[in-house]
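Thanks for asking me to look this one over with you. Have the picture open while you read.

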Number of protein chains: 2
Amino acid sequence: MEHVSVPPLSRVAVCGGTHGNEMSGVYIVREMQRQKLEKAESVSITTVLSNPRAVEACRRYIETDLNRCFTDALLSTPITDSTSYELRRAQELNAQLGPKGSEEAVDLLLDLHNTTANMGLSFIFYSLDWITLHIYKYIQTKLTSMPVRVIQLDIPISEAYSLESVGKHGFAIEVGPQPTGVLRADIFNAMKEALDLTIEWLQKFNSGITFGGGEVEAYVLVKSVDYPRDPMTGELTAAIHPQLQDNDFKLLRPGDPIFQSFSGETVKHEGEELYPFFINECAYYEKKVAFHLARKVTLTFPSINVKRD
Amino acid sequence: MEHVSVPPLSRVAVCGGTHGNEMSGVYIVREMQRQKLEKAESVSITTVLSNPRAVEACRRYIETDLNRCFTDALLSTPITDSTSYELRRAQELNAQLGPKGSEEAVDLLLDLHNTTANMGLSFIFYSLDWITLHIYKYIQTKLTSMPVRVIQLDIPISEAYSLESVGKHGFAIEVGPQPTGVLRADIFNAMKEALDLTIEWLQKFNSGITFGGGEVEAYVLVKSVDYPRDPMTGELTAAIHPQLQDNDFKLLRPGDPIFQSFSGETVKHEGEELYPFFINECAYYEKKVAFHLARKVTLTFPSINVKRD
């Protein structure tokens, strides 16, 4: 692969509390603000508590999921009296950290999330981005306290709905398992380490170090599976099967149990072999997602260094 | 110890959703209602979804914690326009299943709860009650999927604030770890097994079987410990230490780490050796409880059988 040169990455935004009950990011951002951590060598850092009202209420959101508000269409919707708190906030964040797709946007936007699923530390990003893959590779090599994986959602950037799409480059760090509303030190420590390693990588990159190319395994979202539900009431009639629970990223084969109904029957996986993730994520009950399924691919990325003017 | 004879225990109430985001009880009660399970031999069963509005919203409560509303004082407070939804509901439940302390009250009230703490299956009850201890012993002997323990809150029944105090006998079953808003099959299965064993014990008791006396180890609440907080803002400055997290009921000795501050310092336990439980329970952040501490005691209970008129 060709070698790539990219302008310096000097302006970084670190966001937490995009979902108000995912506590690691909330406390990491608050601690950075308390320490007035605004500059690390060549990197200037903006810290943002994305949804302060949801953080205050310790809920995912107040009116609508903030992290589904960052499509081009929603960001350009005029504000009216009936506009939700979160869409207003999305447009404010877009003005502060973007505008999305513009030269003024921050160079890198990191959004800090937790999941109740047993996913370890996952990078989530949209279309192929060499910066993200290099940072991912750097963290994966150095962080040893839990598995580190990367998930690609193959969505055009205009339709990308989450906060990290506002930066020139961006990704979400998703760490679990952690219950909503709970702060676990092990999860906090892993997220903090990933953040520190990201800033360390940016400093090295800005200083002129060339990072060699290579390849990584990535999980590409294929489809989602909902819970079995009562057709009349929409209520669940089954839970994730104990043999699937906590087994995120373990290959699911046809015939493997996926649900246990409340009356005791087992529902089995049908169709192709795929990798489940976000298994039993708290916030996805209302989104009708019991788990996602992914295909594993190998992504090749080029060597990279900073382009000076 | 003397032998004890007790009138038949024919009327049982099984309550779930007293906290609307503790999902095992919600789904167990719904499934019992779907199956119209109202009678099991000599035992008539009333199933109750205690806080339907909180269940609907998937929150612990709407205005105030329902499971702190069952003191004699609150149950006799006149209803006004400003009375909270939960206190109204508490008085309704007291009318339906009690009144507390009266002859009309159900014979046994079981309230189903979850915790985010790694507590296995815990019985929680107020003052000494041979029925509760016998049922506990029965379940402890038969349930093998997780540790089974009993916790005594030494509070006079008039000041007992939780729903189970409305029955002639009563206890809460608290099963974890499970995130709020999430249903895990392993936790559901353990709670369902404990409930089935309780009803099995009641049938045997009502049929005239004598249960021998014995002793059990119990944990008696001594005190609670709050998180370190910023004195100005009240915000946390530390998380539960990784060496304490998930180690409920493991003896805590002076010098053992209990908190890890966000800037990295360790806070250690001071004072006597005690047993921690409800470590990092989600709902207790607002109650200013990082964990409870208990003393372990041995309770002796007499043999028991049914008293016929």
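1. Let's start with one residue. A:His19 counts as buried because its relative accessibility is 3%, where buried means under 20% relative accessible area, exposed over 50% and partly exposed in between, using a 1.4 Å probe and protein chains only. You will find A:His19 in the loop between strand 2 (11–16) and helix 1 (23–34) of chain A. Helices (H or I, at least four residues) and strands (E, at least two) are DSSP runs, numbered from the N terminus.

2. Before going on, a word about what you are looking at: this is a predicted model, in which local features need pLDDT of at least 70 and side-chain atom pairs count only at pLDDT 80 or more, while totals for chains, interfaces and linings use all residues. Residues are numbered from 1 along each chain as its sequence is written, chains are lettered from A and ligands numbered from 1 in the order in which they are written, and side-chain values use heavy atoms, with hydrogens and water left out.

3. Which residues does A:His19 touch? Not counting residues up to four places away in sequence, A:His19 touches A:Arg59, A:Arg60, A:Asp65, A:Asn67 and A:His113; contact here means heavy atoms within 4.5 Å. With A:His113 there is also a side-chain polar contact of 3.2 Å. A polar contact is a pair of N or O atoms within 3.5 Å; within protein, one must be able to donate a hydrogen and the other to accept it, and residues adjacent in sequence count only if both atoms are side-chain atoms.

4. An unreviewed UniProt entry gives A:His19, A:Glu22 and A:His113 the annotation "binding site". These residues are spread over 95 residues of sequence, yet they cluster in space, with a largest C-alpha distance of 7.4 Å. Do keep in mind that UniProt positions are given in the numbering used here, feature names are shortened, and annotations may be inferred rather than shown by experiment.

5. Now follow A:His113, which lies in strand 5 (residues 108–114) of chain A. Is A:His113 buried or exposed? With a relative accessible area of 2%, A:His113 is buried. Beyond its neighbours within four places in sequence, its contacts include A:Glu22, A:Asn67 and A:Glu174.

6. That brings us to A:Glu174, where UniProt (unreviewed entry) places the feature "active site". A:Glu174 sits in strand 8 (residues 169–176) of chain A and is buried, at 7% relative accessible area. Its side chain reaches the backbone nitrogen of A:Thr115 at 3.5 Å.

7. Strand 7 (residues 148–152) of chain A deserves a look too, as five of its five residues are buried. A:Val148, A:Val150 and A:Gln152 are on one side, and A:Arg149 and A:Ile151 on the other. Strand 6 (residues 120–125) of chain A runs parallel to strand 7, joined by five bridges; two strands pair if DSSP finds at least two bridges between them. Strand 7 also pairs in the parallel sense with strand 9 (residues 214–225) of chain A, over two bridges. Can you spot A:Gln152? A:Gln152 is the bridge partner of A:Phe125 and stands opposite A:Val220 in strand 9.

8. Finally, turn to chain B, where an open sheet of three strands has the order 10-11-12 with antiparallel pairing. Strand 10 (238–240) and strand 12 (266–268) stand at the edges, each with a single partner strand, so one side of each is left without a neighbour in the sheet.
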